[in-house]
Amino acid sequence: MKALLINGSPRPNGCTFTALTELANTLEAEGIETEIVHVGNKDIRGCIACRRCHSTGSNKCVFDDIVNEVAPKLAEADAFVIGAPVYFGSPAGGAISFMDRLFFSTLNIDKTMKVDASVVTCRRGGNTASYDVLNKYFTMCGMPVASSQYWNMVYGGSAEEVKKDAEGLQTMRTLGRNMAFLMKSIQIGKQQIGLPEKEPAVFTNFHH
């Protein structure tokens with residue numbers, strides 16, 4: 001089983017990476033393979049709602065960059081985590097652009113029961129608002145959102161400060177154990193029960 005973790009911070013070894021590393025180490029200890037992909041330092045433009053990903057049947061974004069590289073990894077993964085720092089009370093713009101394009105271009109990839117989580121970091125304020133924004137990508141795709149003992153966030157203005165956030169790091173470890181339990185339980189459920197029945201979508205026009 002594998003979990004794909006996305007670092008949406010421009011800094012490769014900053015606060016977000018520190019939190020994701022604590023989470024990844026816990027998942028690995030639970031027998032889950034992990035991969036952290038750094039996208040926050042890429043030149044990722046936003047979705048322009050051209051719908052080429054669907055009209056051509058390619059299921060690929062017209063902008064051929066890191067989004068198209070990650071899409072097959074998402075399809076294969078049993079769990080997905082997006083990590084992002086807070087900028088002006090919201091997730092960093094690069095992370096939002098990445099998520100908009102990734103999730104729109106992969107609407108035809110069945111994500112049902114892929115375990116997911118959001119991880120957010122900030123120096124002082126905006127974590128809960130950013131956390132809510134990122135979770136909405138998952139809850140419209142039948143993806144169970146993994147919880148922890150607190151919201152999935154750490155505090156600090158630098159990686160060194162995050163490493164001193166004992167409660168935040170404990171939250172990451174608890175999240176990792178909860179994710180591993182959900183992943184293993186869902187795998188058993190798929191084998192013994194199967195995935196939930198789906199009705200045809202009534203409304204799929206996500207981009208106006």
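Contact here means that heavy atoms lie within 4.5 Å of each other. In this predicted model, Asp-100 is, by that criterion, in contact with Cys-47 and Tyr-137, once its neighbours within four places in sequence are left aside. Asp-100 belongs to helix H4, which spans residues 93-105, and the axes of H4 and helix H3 (residues 66-76) come within 10 Å.

**Asp-100 and its surroundings**

- The relative accessible area of Asp-100 is 32%, which lies between the limits of 20% for buried and 50% for exposed, so Asp-100 is classed as partly exposed.
- The side chain of Asp-100 makes a polar contact with the side chain of Tyr-137, at 2.6 Å.

**Packing of H3 and H4**

- Two packed helices are described by the angle between their axes and by the distance between those axes.
- For H3 and H4, the axes cross at roughly 55° and come within 10 Å.
- The crossing in which H3 passes H4 is right-handed.

**Residues at the H3–H4 contact**

- On the H3 side, the contact involves Ile-66, Val-67, Val-70, Ala-71 and Leu-74.
- These residues meet Phe-98, Arg-101, Leu-102 and Ser-105 of H4.
- Classified by residue type, the contact of H3 with H4 has seven nonpolar residues, one polar residue and one charged residue.

Note on methods. Residues numbered from 1 in each chain as written. Predicted model: local features only at pLDDT ≥ 70, side-chain atom pairs only at ≥ 80, totals over all residues. Heavy atoms only, no water. Helix = DSSP H or I, 4+ residues; strand = E, 2+ residues; numbered from the N terminus. Buried < 20%, exposed > 50% of the residue type's maximum accessible area, 1.4 Å probe, protein only. Polar contact = N/O pair within 3.5 Å; in protein donor to acceptor, adjacent residues only side chain to side chain. Axes fitted to C-alpha atoms, helices over the stretch in contact; angles between N-to-C directions. Left-handed = near helix turned anticlockwise from the far one by under 90°. Nonpolar A, V, L, I, M, F, W, Y, C, P; charged D, E, K, R; others polar.
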